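This briefing goes with the sequence and the 3D structure shown below. Please keep both open while reading.

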Amino acid sequence: MSYLRFEKAVMTNLEESLRRELLRTNRSGAYSASTLVDCNTRKYHGLLVVPIPEIDDDNHVLLSSLDCTVVQHGAEFNLGLHKYQGNNYSPKGHKYIREFDASKVPTTIYRVGGVVLRKEVIFQHYEDRILIRYTLDDAHSATTLRFRPFLAFRSVRQFTHENMVASREYTPIDGGIKTCMYQGYPYLHMQFSKKNEFIFQPDWYRGIEYPKEQERGYASNEDLYVPGYFEMPIRKGESIIFAASTSQSKTSTLKKLFQEEVDERVPRDNFYHCLVTAAHQFHNRQMRPGSQQHSEDDDRYLLAGYPWFKARARDTFIALPGLTLSIEEQDYFELVMKTAERGLREFMDGKPLTVKIYEMEQPDVPLWAIWAVQQYAKHAGRDKAFEMYGQLVRDIVTFIESGNHPNLRLDPNGLLYSNGREKAVTWMNSTANGRPVVPRSGYIVEFNALWYNALRFCASLATNQNDPEAAQHLEEMAAKTKLSFVDTFVNEYGYLLDYVDGNMMDWSVRPNQIFAVALDYSPLTQQQMKSVVDICTRELLTPKGLRSLSPKSGGYNPMYVGPQTQRDYAYHQGTAWPWLGGFYMEACLKLYKRTRLSFVERQMVGYEDEIDYHAIGTISELFDGNPPFHGRGAMSFAMNVAEILRTMRLLEKYSYQK
């Protein structure tokens, strides 16, 4: 039985099938996404969504969907599905679905009378090209297929509507046509592996609606342009390949190309393999500035998530170990780190960034970079880590110690101070009316836990390289930080203050304190660490990770629903985050070792439950903090996938310890 297989009862029930989304990606940042029944419910959904840097920094929906119609004896059976205003669905092709299987290549099987049609969809790895294979598994009489492409040619953040500017012109090409609705866009090439007839029948399909945007309080309807339809006969047992791309395909090779892409895929036959595939979806490869073609010297990135996130500095360093080292892909760690290090050094040197990584200026970014190197040292060994990144780690510590960061000050007490009153500086970065919803400022608990950990790790590298003078200096700095950390953050109730800014002390119970336990070097005593874990267990733990705020704290708002402003106020005020759960479980294993193995394994079940419920085969950005803990936000989130993978690796490690 397939791991990701859905029966007819699920597929034909729109309440069940429309909440389940499917994501396909390539390495350029392009993607294809929709629901299991190919009914788009977000403005970000589309069959071919590509970045067009010549226009802006967003992705753009070129081909929204492709409706397939089965024609027999003059009767038409349209397999498509669109939602229109007034809760109307048409043409209700989902009722013909017999089953859906996403274990290797997403496959939908339709049954229309005696016709059984199989549809398999795949995204080419290194080209902006979606490929669909239609196979007629069974038919008792002559069968014709008809395909109507729905075109958008718009940013994922906008909508298109019927207008007189859109070009209706098209050019016949081998196996199909190419067309471009607006100046500045690339041509969309739509081709088939089999000779076909294109009937030019231009029309706008008006009032298509996206319920996910309605839920989020946004505008939610648009018009899509259909230039006409392709038509061709198909025999029993025959396969036809459709390709949509920003470049022309060689139709004679489409069948071979499709099969080559299939052969590269790893079956998603268990939880781990699903996460590995999800990890690869965040890979992004781009030419270095000034390059004219792709090469081994290309920049490598990790996208923070789909469908709307770019590469962000903090997310990159937090997600990097889990998405690479935890699945034995040290080489990709090094490739991403090579690009990210260049960006870090450009920032520290005050130079313009040549890398496409956002938010490099955030004050905790260099601290997370050191943490990522620390994980690399565990995997590859300290000597290798020093050889690759020893100088970078020392330079970061010197950069911070010298006071060169614009918003990270090392005070005489050994603690780091950052101003976050007017602009969010931590991962809790939601804003409302131009100001942080959670204005974490001053001595921030995880910044200083990371700083202590960085100093001790850097000292250990210096010791390893026989540099006793540097090691002594770093240990002395760490000792001062440790004393001040305990004095500043540990309170009489046994947990850590979230931040302290002069006389302002935030007593909210938040998950950021868990880093002071989970990191390899902790400024806390064993008893203090256990106390922190205990309160996180009692007040923050959910089956989907740690809550961003305790229900007992003021302002608790666990449901991430409603218009944008309402969601902004809930984003870090009680919602649950799986990536925080990763550090929590690391803290548990660090303190209690094998005695907590079964507990952590039970926690992992809560994540596996999500693998076939929201975005198939991956983990959503965040979850409601109250039952039933619905997945919310982005379809797929890099830090969540990474930390679950890293936890699985930790479980394996502790399972073999005596």
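The model is predicted, with local features requiring pLDDT of at least 70 and side-chain atom pairs counted only at pLDDT 80 or more, while totals for chains, interfaces and linings use all residues. Residues are numbered from 1 along each chain as its sequence is written, and side-chain values use heavy atoms, with hydrogens and water left out. Helices (H or I, at least four residues) and strands (E, at least two) are DSSP runs numbered from the N terminus.

**Helix α4**

- Helix α4 spans residues 254–264, and its residues Leu254, Leu257, Phe258, Glu261 and Val262 are buried; buried means under 20% relative accessible area, exposed over 50% and partly exposed in between, with a 1.4 Å probe and protein chains only.
- Viewed down the axis of α4, the buried residues fall within an arc of 140°, so they line one face of the helix; the arc is that of the directions from the helix axis to the C-beta atoms.
- An α-helix has 3.6 residues a turn, so residues three or four places apart point the same way.
- Lys256 and Asp263 are exposed and sit on the face of α4 turned away from its buried side.
- The cover over the buried residues of α4 includes strands β11 (115–123), β12 (129–138), β16 (188–192) and β19 (239–245), where contact means heavy atoms within 4.5 Å.

**Helix pair α7 and α9**

- Two packed helices are described by the angle between their axes and the distance between the axes.
- Helix α7 (residues 330–348) packs with helix α9 (residues 382–401) at an angle of about 25°, and their axes are 12 Å apart; axes are lines fitted to C-alpha atoms, for helices over the stretch in contact, and angles run from 0 to 180 degrees between N-to-C directions.
- That angle makes α7 roughly parallel to α9, a label for angles under 35 degrees, with over 145 roughly antiparallel, 65 to 115 roughly perpendicular and the rest oblique.
- On the α7 side the contact uses Gln330, Phe333, Glu334, Met337, Glu341, Leu344, Arg345, Phe347 and Met348, which meet Lys384, Met388, Tyr389, Gln391, Leu392, Asp395, Ile396 and Phe399 of α9.
- The contact of α7 with α9 has ten nonpolar, two polar and five charged residues; Ala, Val, Leu, Ile, Met, Phe, Trp, Tyr, Cys and Pro count as nonpolar, Asp, Glu, Lys and Arg as charged, and the others, Gly among them, as polar.

**Helix pair α15 and α17**

- The axes of helix α15 (residues 578–592) and helix α17 (residues 638–655) cross at roughly 20° and come within 7 Å.
- That makes α15 roughly parallel to α17, and the crossing is left-handed.
- α15 contributes residues including Trp579, Phe583, Met585 and Leu589 to the contact, and α17 contributes residues including Ile644, Leu650, Leu651 and Tyr654.
- The residues of the contact of α15 with α17 comprise ten nonpolar, three polar and four charged.

- Leu188 lies in strand β16 and is buried, with a relative accessible area of 0%.
- Leaving out residues up to four places away in sequence, Leu188 touches Leu48, Leu62, Leu63, Leu151, Phe153, Ile177, Lys178, Thr179, Ala244 and Ser245.
- Ile55 is in the loop between β4 (46–51) and β5 (59–72) and counts as partly exposed at 35% relative accessibility.
- With residues up to four places away in sequence not counted, Ile55 touches His60, Gly184 and Tyr185.

**Backbone details**

- Most residues other than glycine have a negative phi, and most peptide bonds are trans.
- Ser90 and Pro91 are joined by a cis peptide bond with omega about 5°, and Pro91 is in the loop between β8 (88–90) and β9 (97–101).
- Pro627 and Pro628 are also joined by a cis peptide bond, with omega about 5°; Pro628 is in the loop between β33 (622–623) and β34 (631–632).
- Asn87 has a positive phi, near 60°, and is exposed at 52% relative accessibility, in the loop between β7 (82–84) and β8.
- Asn433 has a positive phi, near 55°, and is exposed with a relative accessible area of 76%, in the loop between β25 (431–432) and β26 (435–436).

How values were computed. Left-handed = near helix turned anticlockwise from the far one by under 90°.
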